[in-house]
Amino acid sequence: MIAEYWTFIVIVIAGFLATDIWRWLGVFTGNRLDEDSEALYWVRAVATALVMAVTAKLIVFPNGTLAGSPLWLRLGAAGIGFAVFLATGRKVWIGVAVPMALLVAGLWWGGF
Amino acid sequence: MSPDSDDRNALSWFFTGMRGLLSLPALILLTSIVGFSAFALESGLTRAEAVFMSFAIWALPAQVILVGTMASGANIAACFLAVTLSSIRMTPMVASVIPEMRTRRTPIWLLLILSHFIAITSWVFAITTLRNVPREHRAIYFAGFGVTLTLTGTLVVAVFYDIVSAFPPVVAGVLFFLTPVYFNASIWASARQPVVKIAFVMGVVLGPTLALVTPKFDVLCAGLGGGTIAYLVDRIRRERLRAGKGDRR
């Protein structure tokens with residue numbers, strides 16, 4: 001009986017609870033912050049740096065098939081794409097389309 | 001969608017939030033979830049387990065870590081530790097959105113429920129669009145987006161669980177790249193305060209660097225360290241600006 005549902009119990013305890021306790025803590029913390037407080041400035045900075053650290057790691061250390069592609073290609077595609085995005089008035093679709101096109105072109109040229 | 005148009009009722013704001021499902025970030029996330037379903041299948045999870053995990057955790061990095069530790073035969077305490085370390089980032093993410101989302105009367109139980117639907121994609125959605133919604137409708141507007149996105153994502157796992165393995169692997173690789181480049185552009189474009197841009201640069205530089213130094217705590221260190229440095233740099237900048245204005249008077 002227990003063995004049948006064991007995976008679900010692991011998901012509830014080591015997945016759901018392990019993640020949502022931090023979300024709940026965020027609610028209690030955020031609920032006490034004023035929208036223009038110094039503390040919120042700091043929390044925003046920490047949240048942004050965290051998300052960008054995750055993001056940059058996805059480019060530098062990707063999982064799966066992309067892990068076999070050269071680092072310079074991924075950095076170049078993301079970097080040049082971001083520069084074009086900044087230079088052309090910061091439209092999000094340009095910031096997505098240019099790096100994707102560069103990556104596909106690079107993979108194709110490199111014989112992937 | 002101007003903050004003045006609060007003649008619309010709550011339900012219509014729920015549907016406006018729901019429509020966010022057709023936005024670029026939501027579609028990008030749904031494609032990464034297709035990748036997760038393939039990973040879950042390869043790691044030996046049943047369809048029901050993968051679906052349940054997607055809904056119960058709703059944070060792709062935590063899901064990938066849990067599947068990985070479970071597959072390696074780790075016990076439940078080790079799984080809990082690995083997942084919880086990766087999820088600490090939820091606290092500042094949720095805490096930075098809550099002050100913009102609530103009114104004085106928003107009940108805490110509602111915020112606790114809504115917090116489950118905050119992950120990176122809906123966090124970006126919240127910091128980008130909440131400011132265009134009248135304050136009293138922001139929670140219901142976010143619910144419209146967040147709940148719909150989670151349910152759709154869960155449905156995607158159910159449907160794609162055994163389909164993806166038929167795709168050529170390079171397709172998954174290219175799709176994988178969508179997520180980071182989308183975050184790069186959208187987070188920078190949504191940054192109204194210089195502190196966010198400084199923190200952006202700190203995170204990009206420190207994330208991969210610290211991954212080489214402290215692989216277990218890299219994201220946490222990059223976030224706390226980089227965020228604090230960004231805050232201090234911005235604080236000095238603001239004080240100089242204030243002092244400069246004082247001199248001129």
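Helix 4 of chain B, residues 60-71, has 12 residues and reaches 16 Å from its first C-alpha to its last, close to the 16 Å expected at 1.5 Å a residue, the expected span being 1.5 Å times one less than the number of residues. The model is predicted: local features need pLDDT of at least 70, side-chain atom pairs count only at pLDDT 80 or more, and totals for chains, interfaces and linings use all residues. Residues are numbered from 1 along each chain as its sequence is written, while chains are lettered from A and ligands numbered from 1 in the order in which they are written.

**Helix 4 of chain B**
- Helices are DSSP runs of H or I with at least four residues, numbered from the N terminus.
- Buried residues of this helix include B:Leu60, B:Ile65 and B:Met70 (buried: 20 or more other C-beta atoms within 10 Å of the residue's own, with C-beta atoms placed from the backbone).
- Just after helix 4 of chain B, B:Gly73 has a positive phi of about 85°.

**Contact between chains A and B**
- The contact takes 65 residues from chain A and 77 residues from chain B; two residues are in contact if their C-beta atoms, placed from the backbone, lie within 7 Å.
- Helix 2 of chain A gives the most to the side of chain A that touches chain B, with 21 residues.

**Helices 6 and 8 of chain B**
- In helix 6 of chain B, B:Met93, B:Val97 and B:Met101 meet B:Trp123, B:Ala126 and B:Ile127 of helix 8 of chain B.

Technical notes:
Helices (H or I, at least four residues) and strands (E, at least two) are DSSP runs, numbered from the N terminus. A residue is buried if 20 or more other C-beta atoms lie within 10 Å of its own, exposed if 12 or fewer, and partly exposed in between; C-beta atoms are placed from the backbone.
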